[in-house]
Amino acid sequence: MKKAIPFFILFLLSWNLYAQPNCEIYKADEKCYNACQEAMRAIRYEQGSYQSQAHFDKSIELCPTFAYSYMEKAVPYLKRGLFVEWKALIDKAVELEPKEYLGYRGWCRLQFLRDYEGAINDIEKLKTLVNYDIGYCQTGDYHLSIALALCYKELGDMDKARELMLEQLSSKKFSAGLYDYYHIGVLEYEAGNHEKALTYLDKQLEANDYLGETYYFKALAHKQLNQPEQYLQNLKTAETYYRSGKIRTDPYAEMIDKIYLNDILEEMEKATSKE
Amino acid sequence: MNLGQKMVYSTWVLEGSAHFGACHQKVLPNTAAGKPFGVEYSYHEKKMKQTIFLLLTIFVFSCSPVGHDKVGENNVGDIPFDKNMDDESFKICDETNINQYYVRYSADTPPGYQGEKKGMDKAILSKYSFQPSEQENGYVTIRFVVNCKGETGRFRIEEMDFAYKPRKFDSKITNQLLEIVKNLKEWIPRKSDGESLDFYQYLTFKIEKGQIVKIQP
């Protein structure tokens, strides 16, 4: 059980701990300083609990311009499927501190609601507001430029998605994320560029050989290139990986380009029936 | 306290529940310091003991584990039983320990659906049918409880447009979605140390022109 604790802490960190504000910087404004202290009290309670929400309410009442409390109060609504309530609160946080929360709201719209247009608007708007790196999504899985590219990809604008991904991947200040080459590989597969897809999927394996999904799409690319041996071999590897838990998972919502065991098994049936 | 509860408490602590930590250093009545059995107490001693007992009782009850001291709509997303809406035959296994679907410990078996999400999507999409309509755009979210036997109940619906504002869809859409969700019978409860636990789940349907284009989460 103890071994599981670091894993669990990491999981919680991914969504629960948005950078906490430094209350000391509000000392000149007593009400906002107290609002910040109230928010610190709120996060001592279970997220979404009556007590926690009540402290956030108090915090907002004390200082209606304290964006952090709107954002944090909104989080349990997002996670629990109460999106009208979430949006009203997160909009307030964005209105007060757009540079801080636009990227976050955009990522949430993509991940929880597949609101691609909304996510694009938020991330593009952020790009116009800052002259520094727009940063990563809340889980840390993607740079926001990659998230933006995924939105365009899902809307079918492959050229724009490719352009954004390649631009980000070629940036000297950027190291590819854990899943970036996977997604550009899938993009090229879906665009019908099977050789390119294999190139990127192999790059993905070099960077992170931990996903059954990568082998699944490799198999599909080999199938299109009429390479039956590699097609079958990669499918088998995909199944082995999948059954051993080497797959993409997210406790909150399905990830983009996610595939399931039945996808592999259905394809395996096609592959073996051709033999 | 069962293991499942312990795990949830861990979640709270790690989510920042110093309140919980403090409260569990409960101050128990120091019985060893009291008078021996059979010894009479004076009036003042009795009053003092009563006062201490009262204060300790208030302290201990005020320090009940966070979230478990109040059952109801106090916590975001809770779905308490409503006799006007809910099926009385649907039983929750432990009303005080219904976790959200995403709460899990690495040693747990997470909740899910037979055939994973793909299987569930297939089951939904194979039953859904609505004539294309330019007016029917937005999201329908159905929240509910999956009990420790994998049965579902306490369904609640939230509808919104693409601007995240409340709206009403054609009732043929919402009624149909509700019936389909009610008939999803292959839920897998979360298991903790072999014990099945209840959990809250929601399904969000992204609707474009009356058609389901995505099911989340």
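A residue is called buried if 20 or more other C-beta atoms lie within 10 Å of its own, exposed if 12 or fewer do, and partly exposed in between, with C-beta atoms placed from the backbone. Please keep in mind that this is a predicted model, in which local features need pLDDT of at least 70 and side-chain atom pairs count only at pLDDT 80 or more, while totals for chains, interfaces and linings use all residues. Residues are numbered from 1 along each chain as its sequence is written, and chains are lettered from A and ligands numbered from 1 in the order in which they are written.

View 1. B:Trp187 sits in strand 5 (residues 187-188) of chain B; strands (E, at least two residues) and helices (H or I, at least four) are DSSP runs numbered from the N terminus. B:Trp187 counts as partly exposed because 19 other C-beta atoms lie within 10 Å. Leaving aside residues up to four places away in sequence, B:Trp187 touches B:Tyr113, B:Val146, B:Gly150 and B:Thr152, where contact means C-beta atoms, placed from the backbone, within 7 Å. From B:Trp187 to B:Val213 it is 26 residues in sequence and 22 Å in space, C-alpha to C-alpha.

**View 2. Two positive phi values in chain B.** Most residues other than glycine have a negative phi. B:Arg154, which is not a glycine, has a positive phi of about 55 degrees. This arginine belongs to strand 4 (residues 152-160) of chain B, and B:Arg154 is buried because 21 other C-beta atoms lie within 10 Å. B:Asp193 also has a positive phi, near 55 degrees. B:Asp193 is found in the loop between strand 6 (190-192) and strand 7 (195-197) of chain B and is partly exposed, with 14 C-beta neighbours inside 10 Å.

**View 3. A cis peptide bond at B:Pro217.** Most peptide bonds are trans. The bond joining B:Gln216 and B:Pro217 is cis, with omega about 5 degrees. B:Pro217 lies in the segment after strand 9 (211-216) of chain B.

**View 4. A:Cys151 in the nonpolar core.** A nonpolar core is a set of buried Ala, Val, Leu, Ile, Met, Phe, Trp, Tyr and Cys residues joined through C-beta atoms within 7 Å. The largest one here has 103 residues, and those touching the most other members are A:Ala74, A:Ala93, A:Ala147, A:Leu148 and A:Cys151. Beyond residues up to four places away in sequence, A:Cys151 touches A:Leu110, A:Tyr116, A:Ala119 and A:Ile120.

Definitions and conventions: Contact = placed C-beta atoms within 7 Å.
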